[in-house]
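The exercises below are meant to be worked with the sequence and the model side by side. Try each task before reading its solution.

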Amino acid sequence: MAGSGTAHLRPGQPRALAVDDLVVEFPVRRGTVHAVSGLNLDLLPGETLGILGESGCGKSSAGRAIMQLPPPTGGSVRLGEVELTGMKAQPMRKARSRMQLVLQDPVSALNPRRKVKDLVVEGLEIWGWGDRDRATFVDSLLSSVGLDPEAVRDRRPHELSGGQCQRVCIARSIALEPDVLICDEPVSSLDVSVQAQILNLLEKARERLGLSMVFIAHDVAVVKNISDRVMVMYLGKTCEVLPSADLENAALHPYTRLLLASVPSEADADREAEPTTAVEMPSPLDPPSGCRFRTRCVLATDRCAAEEPLLREMNPGQFVACHHV
Amino acid sequence: MMTPSDGPLLVVDDLHTVFHTPRGEVRAVDGVSFQVAAGETLGLVGESGSGKSVLGRTVMGLIATGPATTVSGQVLLDGRDVHALKPGQRRQLWGPEIGMVFQDPMTSLNPVKRVGTHLTETLRRHLHCSRKEATERAVDLLNQVGIPEPVRRLTQYPHELSGGMRQRVVIATALACDPRLLIADEPTTALDVTVQKQILDLLASLVSERTMAMILISHDLGAVAGRTDRVQVMYAGRTVEAGPTRTVFDSPDHPYTDALLASIPQLSDQPHTVLRTIEGNPPDMTRPPRGCRFGPRCGRADDTCTDLMPALVAVPDGPARQVACHHPLLSIESLEPNAPLTEAGHGR
């Protein structure tokens, strides 16, 4: 299936991660779920790409397919210079250790039977310690994510709070000093005060280790805070790519604008609430033809049903896949 | 008994909910008071463990004194003490007097019952409608909450609906008997952003249409900011600050409210803005601090805060503003910034 175009890619530059025409489909009894349909993205070293979208837009499927968990239905994923798709299992595991994943629910991401000191170095257990000293490495790793080694070293996940567990997950993922970190909704199960701590921590880790990050989330303000560039997805397709600094004021795609208008704020008090009829996201089993957002779009015309919009550069660095902007 | 015009619909006075656990007493709600008038929306905000949900359920009478729970204080709904009623009488309140919307619409609905049954069951039991009349009213209710093709939906099961649609069904069920008070506990937390806005709009319009009173419980300060008249900020089972929503959010008096608001990323901020955080963790509720519960995490805390629990008192920082702090962040200079507001807290 054709994607939303490649205008937003930066082929001339060194890239930490390059994804071409990524397709993720799941066969089900009633047909095929089109989770991701031709996603293109690239990530420069040290850059953070935010992927923004609602449930069912394919953002998590994309993140997992990039990790080859499971390998995508089609397309290519290049980590630095290494092509991951189509690799044999063992070399792929080795190559993939340069890329790590942080998940939404930190408690279930950790083995409940193991202690923190073992959890954080599991990667090193597998890939070798090099010349590191185990005890000092564990302690410095825990301190680097803001945990008191003395207090948590011998604890198990259930003895820690959600925020502390997420710190352990981050420690675990940066233990191998990866090039790319993929964060899938890492703060959405946390309280706001803890969310701020984790966002600050990720930012610090990125600076210290020179990480490139893909940050997947549904919260517009959170994505803007951590990203350099934002990609908005809807039903497996890319709607818009833009610098995150422009997100609030310069977004053009009708779906991005809908997302921005939906962010609750104090200004809601000043207008009369209008009861609206429920609008459903179409089923990914049978996505609409042409532009997938057209069923909910105020600008939609016949052209949107007939012809799929491709990403076009509207302003420097801003790419929009819509016929009517 | 009072008539509705005599005063606020709901009066909660010095409410305590204590759970007796093997680890000790947990004072989940520890001396909370507030009032809600008909047509008014009160926001209860706080982080997990602040006691806001337990408070909502205690107000409703879902949590009542039992073998492992002690509820003290008063909840007066229209002059009647909810906790003085017998369990059977209390059950009569749920539906016609108090409606409730919970966070997770899937677990609020019975998975083996059709959407229509949820509605007609309530209508037939409380309003003694005939089958036919109940079905008609159910269609009408689904229309009111913005569900397309209501007749077809009646025969569907909850799993056939999307999350937003399910939450609309839950709201329709809660409204079936025209309650005077609606308690919405994190009604949009499980939903997508665009759906969240639809549901909050729906609740707001229903409240003003029916001059219902609503308590909106949420951890999402943004959602509460634009949808409530007054707000009550909870921390570790106690109210730390209360007042008209706009003034509380624009110039918080309590250091906790201030820090909480500052820790939320704002769309208007530049990318990579370092967020303010609150150091430390909320207290262990079996052994809360003797003085101010936020004291150990507060930058303004001193010996008074360690020793003396601050009472919730009126402050001259705006109409109807209340704060429980020895050193509030008052914007009015007339008050000495370091003088404790009260001589003795009403803490135990």
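A salt bridge is counted here when a side-chain nitrogen of Lys or Arg lies within 4 Å of a carboxyl oxygen of Asp or Glu. The model is a predicted one, in which local features need pLDDT of at least 70 and side-chain atom pairs count only at pLDDT 80 or more, whereas totals for chains, interfaces and linings use all residues. Residues are numbered from 1 along each chain as its sequence is written, chains are lettered from A in the order in which they are written, and side-chain values use heavy atoms, with hydrogens and water left out.

**Exercise 1. The contact between the chains**

Task: Describe the contact between chain A and chain B by its residues, its buried area and its salt bridges.

Solution: Begin with the residues: 50 from chain A and 48 from chain B take part, contact meaning heavy atoms within 4.5 Å. Next comes the buried area, which is the accessible area (1.4 Å probe) that two parts lose on being put together, summed over both; between these chains it is about 3,900 Å², and carbon and sulfur atoms give 52% of it. On the side of chain A, the residues that lose the most area to chain B are A:Val192, A:Asn225 and A:Glu266, together 16% of what that side buries. Finally, two salt bridges are counted between the chains, and A:Asp268 forms one with B:Arg227, where the closest N and O atoms are 3.3 Å apart. Several helices of chain A, namely α8 (192-209), α9 (220-226), α10 (247-250) and α11 (254-262), each supply at least two residues of the side that touches chain B, and the largest share, ten residues, comes from α8(A).

**Exercise 2. Backbone geometry**

Task: Decide whether the peptide bond from A:Leu69 to A:Pro70 is cis or trans, and locate A:Pro70.

Solution: Omega for this bond is near -5 degrees, and the bond from A:Leu69 to A:Pro70 is cis. A:Pro70 sits in the loop between α1 (59-66) and β4 (74-79) of chain A.

Task: What is the phi value of B:Asp14, and in which strand is B:Asp14 found?

Solution: Phi of B:Asp14 is near 45 degrees, a positive value in a residue other than glycine. B:Asp14 is part of strand β1 (residues 10-21) of chain B.

Conventions: Helix = DSSP H or I, 4+ residues; strand = E, 2+ residues; numbered from the N terminus.
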